[in-house]
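Good morning, and thank you for making time for this presentation.

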Amino acid sequence: MATSYPLYARMKTVYIIEDEEILRDLLSTFIATTYPDLELLGMTGDGGEGIEKCIELAPDLVIVDIQLPEVNGLEILHRLKSNFPKIKILIFSGKTTYQSVKIAVNGKADGFINKISGIEELEQAINAVSKGEEFFSPDIRDEVARIRAEPPGRSRPPFAR
């Protein structure tokens with residue numbers, strides 16, 4: 001059974017953007033039972049609606065999938081970090097390609113966990129992010145280090161307007 005953890009820093013609210021209804025329900029139940037002090041402001045399966053709600057509600061933490069209808073999770077990351085630099089964004093996705101990890105890292109995601117990870121890893125990620133740390137699944141940590149070691153590119157950042 002999950003243990004209740006205190007939330008450090010200032011994290012008090014969360015919003016979930018995940019297109020699979022069963023995962024939204026499981027995430028909300030997990031948060032309610034593991035983090036009773038963390039208020040779930042809402043959840044949606046649509047990226048467009050999710051970004052609108054996050055801009056309106058300004059949650060402390062957003063848990064977001066990458067592959068979403070309307071607006072994908074990496075664009076959501078970019079837009080929210082541009083508008084709310086202190087917002088914590090945890091990418092929760094089954095898509096861990098080099099390109100998606102690179103965009104997430106360069107977009108200043110606070111964490112990136114694979115959907116196939118266990119519940120303990122999700123707890124570790126939320127705990128780390130709540131303390132102002134970052135968390136990347138063990139299966140992509142080497143990739144994250146390589147991405148950070150690359151010299152800056154000349155191309156425009158993803159989704160720059």
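**Aromatic residues and the parallel sheet**

In this predicted model, Phe30 and Tyr35 are both buried. The structure contains one aromatic pair, and Phe30 and Tyr35 form it in an edge-to-face arrangement, 6.0 Å centre to centre with 75 degrees between the planes. I give both values because a pair of aromatic rings is described by the distance of the centres and the angle of the planes.

A further ring deserves mention: the charged end of Arg141 sits over the ring of Phe135, 5.1 Å from its centre.

Let me turn to the sheet. Six strands form an open sheet with parallel pairing, in the order S2-S1-S3-S4-S5-S6. Its edge strands are S2, residues 39-44, and S6, residues 135-136, and each of them pairs on one side only.

Which strands does S1 pair with, and over how many bridges? S1, residues 13-17, runs parallel to S2, to which five bridges join it. With S3, residues 61-64, S1 pairs in the parallel sense over four bridges. On the S2 side, Tyr15 stands opposite Gly42. On the S3 side, Val14 has Leu61 as its bridge partner, and Ile16 stands opposite Ile63.

Is S1 buried or exposed? Five of its five residues are buried. Thr13, Tyr15 and Ile17 are on one side and Val14 and Ile16 on the other, so that both faces are covered.

Finally, the helices. S1, helix H1 (residues 21-34) and S2 make a right-handed β-α-β unit. Helix H2, residues 47-57, lies across S1, S2 and S3 and runs at about 165 degrees to S1.

Definitions and conventions:
Residues numbered from 1 in each chain as written. Predicted model: local features only at pLDDT ≥ 70, side-chain atom pairs only at ≥ 80, totals over all residues. Heavy atoms only, no water. Phe/Tyr/Trp six-rings, centres within 6.5 Å; stacked < 30°, edge-to-face > 60°. Buried < 20%, exposed > 50% of the residue type's maximum accessible area, 1.4 Å probe, protein only. Lys NZ or Arg CZ within 6 Å of the ring centre and 35° of its normal. Pairing = 2+ DSSP bridges. Helix = DSSP H or I, 4+ residues; strand = E, 2+ residues; numbered from the N terminus. Contact = heavy atoms within 4.5 Å. Axes fitted to C-alpha atoms, helices over the stretch in contact; angles between N-to-C directions. Right-handed = clockwise from strand over helix to strand, strands pointing away.
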